[in-house]
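Work through the exercises below with the sequence and the model at hand. Each task is followed by a solution in steps.

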Amino acid sequence: METLLLIDSNSYAYRAFYAMPPLTAQGGVEVHAAFGFYKMIERVMESRKPDYLALVFDHPEPTFRHKLYAQYKAQREKMPESLQAQVKMIK
């Protein structure tokens, strides 16, 4: 049987961003979230060995959840700019 592994990439990116110590590339660009994200994907690929992998990201526009519940993610703080830049790297 073939297996498909779906990764909640926003969750992984946040987790890596806050778990990893600051790490910068040449020029001072922060890369700790991107590096941590890659290492987590590498680890799950080695342990689970899926046939297929899909990295799923939150849609930038409101979704049906926002229409069903106006307070959906209302208390969540805005994503830090440094993490936004690193999500672009991850993608």
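**Exercise 1: the pocket lining**

The residues that line the largest pocket comprise nine nonpolar, five polar and ten charged ones. The model is a predicted one.

Task: describe the largest pocket by its volume, by the residues nearest its centre and by the elements that supply its lining.

Solution.
1. The volume of the largest pocket is about 740 Å³.
2. Its lining consists of 24 residues, and those nearest the centre are N10, D58, H59, P60 and K73.
3. At least two lining residues come from each of strand 1 (4–8), helix 1, helix 3 (64–68) and helix 4.
4. Helix 4 contributes the most to this lining, namely three residues.

**Exercise 2: the chain as a whole**

Task: state how many helices and strands the protein chain has, and give their order along the sequence.

Solution.
1. The protein chain has four helices and two strands.
2. Their order along the sequence is β-α-α-β-α-α.
3. For the overall dimensions, take the principal axes: the C-alpha atoms of the protein chain fill a box of roughly 45 × 40 × 20 Å.

**Exercise 3: helix 1 against helix 2**

Task: classify the packing of helix 1 and helix 2 from their crossing angle, then list the residues in contact.

Solution.
1. The axes of helix 1 and helix 2 (residues 32–48) cross at roughly 120 degrees and come within 8 Å.
2. Angles of 65 to 115 degrees count as roughly perpendicular and those over 145 as roughly antiparallel. Helix 1 and helix 2 are therefore oblique to each other.
3. The crossing of helix 1 with helix 2 is right-handed.
4. On the helix 1 side the contact involves S9, Y12, A13, R15, A16 and F17, and on the helix 2 side H32, A33, G36, F37, M40, I41 and V44.
5. By class, this contact of helix 1 with helix 2 has nine nonpolar residues, three polar and one charged.

**Exercise 4: helix 1 against helix 4**

Task: repeat the analysis for helix 1 and helix 4, using their packing angle.

Solution.
1. Helix 1 (residues 9–19) packs with helix 4 (residues 81–90) at an angle of about 125 degrees, and their axes are 11 Å apart.
2. Helix 1 is therefore oblique to helix 4.
3. Helix 1 passes helix 4 in a crossing that is right-handed.
4. From helix 1, A13, Y14 and F17 meet S82, L83, Q86, V87 and I90 of helix 4.
5. Sorted by class, the contact of helix 1 with helix 4 holds six nonpolar and two polar residues, with no charged ones.

**Exercise 5: helix 2 against helix 4**

Task: which residues of helix 2 and helix 4 meet, and at what angle do the two helices pack?

Solution.
1. The packing angle of helix 2 and helix 4 is about 45 degrees, with the axes 8 Å apart.
2. Angles under 35 degrees count as roughly parallel. Helix 2 is therefore oblique to helix 4.
3. Helix 2 and helix 4 form a right-handed crossing.
4. In helix 2, H32, A33, A34 and F37 meet S82, L83, Q86, M89 and I90 in helix 4.
5. The contact of helix 2 with helix 4 comprises six nonpolar residues, three polar and no charged.

Technical notes:
Residues numbered from 1 in each chain as written. Predicted model: local features only at pLDDT ≥ 70, side-chain atom pairs only at ≥ 80, totals over all residues. Heavy atoms only, no water. Axes fitted to C-alpha atoms, helices over the stretch in contact; angles between N-to-C directions. Left-handed = near helix turned anticlockwise from the far one by under 90°. Contact = heavy atoms within 4.5 Å. Nonpolar A, V, L, I, M, F, W, Y, C, P; charged D, E, K, R; others polar. 1 Å grid on protein atoms, 1.4 Å probe; cavity = no way out; pocket = protein on both sides within 12 Å on 5 of 7 lines; lining within 4 Å. Points joined across faces, edges and corners; volume = space filled by probe spheres on them.
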